[in-house]
Amino acid sequence: MLATLALAVVALAKPALAAPAQTAECPRQDALGTSRVLTVDPATYQRVGTKSFPQTLPLEDHEVVLTFDDGPSPPATRTILAALSAECVRATFFMVGRSASEHPELVRRIASLGHTVGHHSWSHPNLAHLTPDKAEADIDKGISAVEAALHGTAGTTPGTPFFRFPYFESTPHLLERMEKRDIAVFGADFWASDWEPMTPEQQLKLLTDRLEIARKGIILLHDPKAQTAAMLPPFLRYLREHHYRVVHIVPPAARTVSDRSH
């Protein structure tokens, strides 16, 4: 069972990378919490995640970044949001534009809880298999759909310039285009392989085994997956019990919901 009441401290990250974060109240005494906020400037961290690129985020031992792809998708996304809220944890959701346009209220809910909203194309194609024009059109359509869900106005300049290629399949041309647009491209450092059918218990063991080897990194999960939604509460409990710390990533000048309330 998950436990009771108090404060989670959101610590400042390294000066060049940190967004000032104020202490946020947490209705759980022993919650995992969000340990710090890390500002990721696309000018400095253009491409991150060692599964795809040489560089990753400057995380310390036992620090992890939680990321979720392919949503939003009720009811699994709502279950995941409840699990994150119970532990006072903030994550990043790389959204498919088509799903965002189908569930705009859920996009806004994710943002209102202080999570970061990134982009994951319109229809989740393998962009490397499309012509450059068609690939970029799908990227732009996805960004516009998420922006419209968030703000009521479509646009191809993302409020949060974070993008993850579907299947991690990019091309040199598309990577160059993202760089010119000042959009950071995210890979991952490891994942739970939750696109494969398995029980939540099997997924938990697979993920924690990989975490014990990696000891830190960007974790890829998928919020439409029921098995992931069921696995998340015990995984967050595992992080807490094994002294892992969750880092929340934001773009430059981004302000969390708690910041805006002051």
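Biologist: Let me start with D69: is it buried or exposed?
Modeller: This is a predicted model, and in it D69 has a relative accessible area of 3%, which is under the 20% limit, so D69 counts as buried.

Biologist: Which residue does D69 form a salt bridge with?
Modeller: The partner is R164, and the closest N and O atoms of the two are 2.7 Å apart. The pair links distant parts of the chain, since D69 is in strand β6 (residues 63-69) while R164 is in the loop between β9 (162-163) and α5, 95 residues apart.

Biologist: And R164, buried or exposed?
Modeller: R164 is buried, with a relative accessible area of 0%.

Biologist: How many salt bridges are there in the whole structure?
Modeller: A search of the whole structure gives 14. One of them joins R28 and D30, with the closest N and O atoms 2.7 Å apart, and R28 and D30 are also linked with E87 and R240 in a network of salt bridges.

Biologist: How accessible are R28 and D30?
Modeller: R28 has 6% relative accessibility and therefore counts as buried, whereas D30, at 28%, counts as partly exposed.

Biologist: Changing topic, how do α4 and α5 pack?
Modeller: Helix α4 (residues 132-151) and helix α5 (residues 172-180) pack at an angle of about 45°, with their axes 10 Å apart. That angle makes the two helices oblique to each other, and α4 passes α5 in a right-handed crossing.

Biologist: Which residues make that contact?
Modeller: On the α4 side they are P132, A135, E136 and I139, and on the α5 side H173, L174, R177 and M178. By class, the residues of this contact divide into five nonpolar, one polar and two charged.

Biologist: You listed E136; which residue does its side chain meet in a salt bridge?
Modeller: The side chain of E136 meets that of R181, at 3.3 Å from N to O. E136 is in helix α4 and R181 is in the loop between α5 and β10 (184-186), so this pair too connects distant parts of the chain, 45 residues apart.

Biologist: What are the relative accessible areas of E136 and R181?
Modeller: E136 has a relative accessible area of 13% and is buried, while R181 has 21% and is partly exposed. The limit for buried is under 20%, which is why R181 is placed in the partly exposed class.

Biologist: What about α3 against α4, at what angle do they cross?
Modeller: The axes of helix α3 (residues 104-112) and α4 cross at roughly 75° and come within 8 Å, which makes α3 roughly perpendicular to α4. The contact is made by P104, V107, R108 and A111 of α3 together with V146, A149 and L150 of α4. These residues divide into six nonpolar, no polar and one charged.

Biologist: Now the backbone: where are the cis peptide bonds?
Modeller: A cis peptide bond joins G71 and P72, with omega about 0°, and a cis peptide bond also joins P74 and P75, again with omega about 0°. P72 lies in the loop between β6 and α1 (76-86), and P75 is found in that loop between β6 and α1 as well.

Biologist: Which residues other than glycine have a positive phi?
Modeller: Among them are S121, with phi near 80°, and R215, with phi near 70°. S121 is found in the loop between β8 (116-119) and α4 and is buried, with a relative accessible area of 1%. R215 is in the loop between α6 and β12 (217-222) and is partly exposed, with a relative accessible area of 35%.

Methods: Residues numbered from 1 in each chain as written. Heavy atoms only, no water. Axes fitted to C-alpha atoms, helices over the stretch in contact; angles between N-to-C directions. Helix = DSSP H or I, 4+ residues; strand = E, 2+ residues; numbered from the N terminus. Parallel < 35°, antiparallel > 145°, perpendicular 65-115°, else oblique. Left-handed = near helix turned anticlockwise from the far one by under 90°. Contact = heavy atoms within 4.5 Å. Nonpolar A, V, L, I, M, F, W, Y, C, P; charged D, E, K, R; others polar. Salt bridge = Lys/Arg side-chain N within 4 Å of Asp/Glu carboxyl O. Buried < 20%, exposed > 50% of the residue type's maximum accessible area, 1.4 Å probe, protein only.
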